[in-house]
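Open the model in your viewer and keep the selection tool at hand. The stops below say what to select next and what is there.

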Amino acid sequence: MNKEFLPLCRPALNDNDMNAVIKVLQSGWITTGQQSHALETLITQHIGAAYAITLSSATAGMHLALLALGIGPGDEVITPSLTWVSTINMITLLGAKPVFVDVDPHTLMTDAERIGSLITSKTKLIIPVHYAGAPLDLDALYALSTRYNIPILEDAAHALGTYYKDRPIGQTGHCIFSLHAIKNITTAEGGIFTTQDKALAERIRRLRFHGLGVDAFDRQHQGRRPQAEVIEPGFKYNMPDLCAVLAIGQLQRIGSITQKRQQLAKLYQNKLQSIAGITPLNVPHYSHVHCWHLFIIRIDPQTFGLNRDDFIEALKNHNIGAGIHFKACHSQHYYQKLYQDSLNDIEERLPNTIINSEQICSLPLFPDMTPEDVNRVISTIIQISEQHHEA
């Protein structure tokens, strides 16, 4: 226990990133302004989207996107239960119904075939999730979207830096990226909405700042025009420059950040092969670039010797952090009560979701880790396994 705590994640920040924040503080303009605009421009250049809007969080992006796409009472939205609960919360708060779709047991991503079986006349939107840094099979999903004339909103919270068949995630369709503190690129808190649809982009930009017909920042006059009018009621979801500037340097070196994560993930994969009861996620079979936002394993309690929750506690006792991404949304307390009459039916169609929700664990992964750190995690896992088998 004399070793320093190894966290699940740590931001990939350098001195230049931190100095950039100081310069924003010294400039006298710390809310939404030039830096937020610069980040939007860099995002569009990096992924090839026509429009990018910075937001206070990916959850804010989900809320505004659902509103802008007209989702409301009586509508159904197909999305996995194995995702972060903010998506389900936003769907529910707007009076719509989340229809949970199962995932592949080995990649934890859904697909067109599973989604297609759940489409009804009430289905108004599909929200599939790029998982852990791997991409969904988008060609099949967009063919389904075209066939049924149902829009897709890609949950790309894990996928900034991910490519599908040589295309950056976000290059087509509507996407929401997270810039939360644990993400590969961070603004501490923040999100990005991207799209090729000008009208949709303009509405989300308006909704993020009170529904005013102009931005919080007028790029010519360093302030809001006094004649700004409320076009429709909106929210306060804009990203301040103080946050935006933090991501600009990271985005410019995203290639090296991704490469380091890939190297660490490969080391994990090689070294975990010999440990019974531990199985990493599979990578997709189609051409892609994995950005390795997370390195997720599944723990088979019968083979390994203890369950996932006890395993995480054992790692903690060895000064190693771990996480769960995610507990299935339908198993959360509120949704257990909300869907109590249909819970059996929901769970019958989610066998892969349920077993993975009970077994998945995210191991430490961040660019400043060393091969020695990975070896420490591996040797600790072996030690934990041996101790419980002996017991």
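**Stop 1: Thr 107**

Select Thr 107: leaving out residues up to four places away in sequence, Thr 107 touches Tyr 131, Leu 281 and Asn 282. Contact here means heavy atoms within 4.5 Å. This is a predicted model, in which local features need pLDDT of at least 70 and side-chain atom pairs count only at pLDDT 80 or more, while totals for chains, interfaces and linings use all residues. Residues are numbered from 1 along each chain as its sequence is written, and side-chain values use heavy atoms, with hydrogens and water left out.

Thr 107 sits in the loop between strand 3 and helix 5. Helices (H or I, at least four residues) and strands (E, at least two) are DSSP runs, numbered from the N terminus. Is Thr 107 buried or exposed? Thr 107 is buried, with a relative accessible area of 15%. Buried means under 20% relative accessible area, exposed over 50%, and partly exposed in between (1.4 Å probe, protein chains only).

**Stop 2**

Show the three strands of an open sheet, order 3-2-4, with parallel pairing. Two strands pair if DSSP finds at least two bridges between them. Strand 3 (97-101) and strand 4 (123-126) are at the edges, each with a single partner strand, so one side of each has no neighbour in the sheet. Select strand 2 (residues 76-80): strand 2 and strand 4 pair in the parallel sense over three bridges. Ile 78 stands opposite Ile 126 in strand 4.

**Stop 3: helix 6**

Select helix 6 (residues 138-148). Its Leu 138, Leu 141, Leu 144 and Ser 145 are buried. Seen down the axis, the buried residues fall within an arc of 125°, so they line one face of helix 6. That arc is taken from the directions from the helix axis to the C-beta atoms. Turn to the face away from the buried side for the exposed Thr 146 and Arg 147. The cover over the buried residues of helix 6 includes helix 5 (112-116) and strand 4. Asn 149 follows helix 6, with a positive phi near 55°.

**Stop 4: the cores**

Which residues have the most contacts inside the largest nonpolar core? They are Leu 39, Ile 43, Tyr 131, Leu 160, Ile 169 and Phe 177, in a core of 53 residues. A nonpolar core is a set of buried Ala, Val, Leu, Ile, Met, Phe, Trp, Tyr and Cys residues joined through side-chain atoms within 4.5 Å. Helix 8 gives the largest share, five residues. Finish at a second, separate core of 28 residues, including Phe 311 and Leu 363.
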